[in-house]
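Please consider the following chain and its model.

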Amino acid sequence: MRVDSSIFPQISGDEIERLATELLWDYYDKSGREERFPVPVEVIAEQHLGYDIDIVDDGLFSDPDYLGGIIFDKHLIQVNASVEAHEGRYNFTLAHEIGHHVLHREIYLAARDDEPCEILCRETGEKPLIEAQADRFAAALLMPAAAVTRVVQEYPFRRVTTAAGLRAMAAKVIQRGGFTNVSNTAMANRLVDLGHAGAAIYQSGTKHDLARGSGYMVRRAVPAGLQNVLWRLYSSLSRRRKRPSGR
C-alpha cells in the first residue's frame, strides 16, 4: 500500500515535543529508572515498545539513501547496516522510527484497510511531512528541551554567530549534558531549534553546511562574512552607548 501523505495531519512542534516527553517519562516510570543521559533509545524501542531491531544490508537497504524503516504489522524496526557503525546516526534513526510509532501508526493502520502493511522508510534528501515530524520527535526524545536548556543555562555560552561556533557549542553541550549517543550535527540543529543559537544556521553534516529547511522551520542563511561584519558593528555601537557621557 502506498501512503497518501494527505492522510497525515499537521502536528505542531509543541505537540511533538509533548508526545516525546510523555513517552520518555512513561518509560522511566514503568522501568523504575531515573532520568539519565544518554537516553537509552534502543532499550525504549525493544523493551518498552516491544519492537525487534533488524540490521539489514540487502533489498531496499542495499541503497545507502534508505537509513531505516518500520513495519507496524511485524513490530519491526529495520536499520541500514551502513548506519550501525555511526552511533549518532544509528540512535537518531531508531528514535525517528519510534516517532513514526507514536505519531503515525494509528492513522497509517486505519487507512490501509486490509492491505498488507508496507514499510515506512527514513530516507536522505528532501523530507515529506511525516518524515520531518519523525525527525522532530527523534530530536526531542534524544535531546529533551528541558535537559538541553538546563546545560546551556548552567554553562553560559558566548553568542554563536558562525557554523564553527555552533559546532563547538554543540560539542560542549554533548559532553556536559551526557548526550553522548547523538551526533554533533543533531545537537547543533537542536540548539538552533530551541533558540539557544539564534544567529547560527542549520547544519547538514557535510562540508557544505548551508541553511536548510527542517520541514517544520525554515531559516535563511546570512553569509558568515556578513554576519561577522554586522556583529562587529553591533559590538562597536554597544560599547559607545555604554561609555560615560562628558569628559
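Predicted model: local features only at pLDDT ≥ 70, side-chain atom pairs only at ≥ 80, totals over all residues.

In which sense, left-handed or right-handed, does H1 pass H6? The crossing of these two helices is right-handed. The contact draws on Gly-13, Ile-16, Glu-17, Leu-19, Ala-20, Leu-23 and Leu-24 from H1, and on Gln-133, Arg-136, Phe-137, Ala-140 and Leu-141 from H6. Helix H6 spans residues 129–142, and its axis comes within 9 Å of that of H1 at a crossing angle of roughly 50 degrees. An angle counts as roughly perpendicular from 65 to 115 degrees and as roughly parallel under 35; H1 and H6 are therefore oblique to each other.

The chain contains 10 helices and four strands. Read from the N terminus, these elements follow the order α-α-β-β-β-α-α-α-β-α-α-α-α-α. Of the 247 residues, 43% are buried. Among contacts with a separation of 6 or more, 65% join residues 24 or more positions apart. The accessible surface of the chain amounts to about 13500 Å², and carbon and sulfur atoms supply 49% of that area.

Helix H1 also meets H2. Helix H1 covers residues 13–31 and helix H2 residues 41–48; their axes come within 11 Å and cross at roughly 70 degrees. That angle makes H1 roughly perpendicular to H2. Here the crossing is left-handed, whereas H1 passes H6 in a right-handed one. On the H1 side the contact involves Leu-23, Leu-24, Asp-26, Tyr-27 and Lys-30, and on the H2 side Val-43, Ile-44 and His-48. Leu-23 and Leu-24 of H1 take part in this contact and also in the one with H6.

Helix H2 in turn packs with H4, residues 87–103, where the axes come within 9 Å and cross at roughly 40 degrees. The crossing of H2 and H4 is left-handed. Val-41, Glu-42, Ile-44 and Ala-45 of H2 meet Tyr-90, Asn-91, Leu-94, Ala-95 and Ile-98 of H4.

One of the H2 residues in this contact is Glu-42. With a relative accessibility of 35%, Glu-42 counts as partly exposed. Beyond its neighbours within four places in sequence, Glu-42 touches Ile-53, Tyr-90 and Leu-94.

The nonpolar interior can now be examined. In soluble globular proteins, nonpolar side chains tend to be buried together. The largest nonpolar core of this chain has 58 residues, and those with the most contacts inside it are Ile-98, Phe-137, Leu-141, Val-173, Met-187 and Leu-191. Of these, Ile-98 belongs to the contact between H2 and H4, while Phe-137 and Leu-141 belong to that between H1 and H6. Leaving aside its neighbours within four places in sequence, Val-173 is in contact with Val-148, Val-151, Val-152, Phe-157, Gly-178, Phe-179, Met-187 and Leu-191.

Asp-58 lies between strand E1 (52–56) and strand E2 (66–71). Its relative accessible area of 49% places Asp-58 in the partly exposed class. Asp-58 and Asn-80 are 22 residues apart in sequence, with 8.7 Å between their C-alpha atoms.

Methods. Residues numbered from 1 in each chain as written. Heavy atoms only, no water. Core = buried A, V, L, I, M, F, W, Y, C linked by side-chain atoms within 4.5 Å. Buried < 20%, exposed > 50% of the residue type's maximum accessible area, 1.4 Å probe, protein only. Contact = heavy atoms within 4.5 Å. Areas by Shrake-Rupley, 256 points an atom, 1.4 Å probe, with all protein chains shown as cover. Axes fitted to C-alpha atoms, helices over the stretch in contact; angles between N-to-C directions. Parallel < 35°, antiparallel > 145°, perpendicular 65-115°, else oblique. Left-handed = near helix turned anticlockwise from the far one by under 90°.
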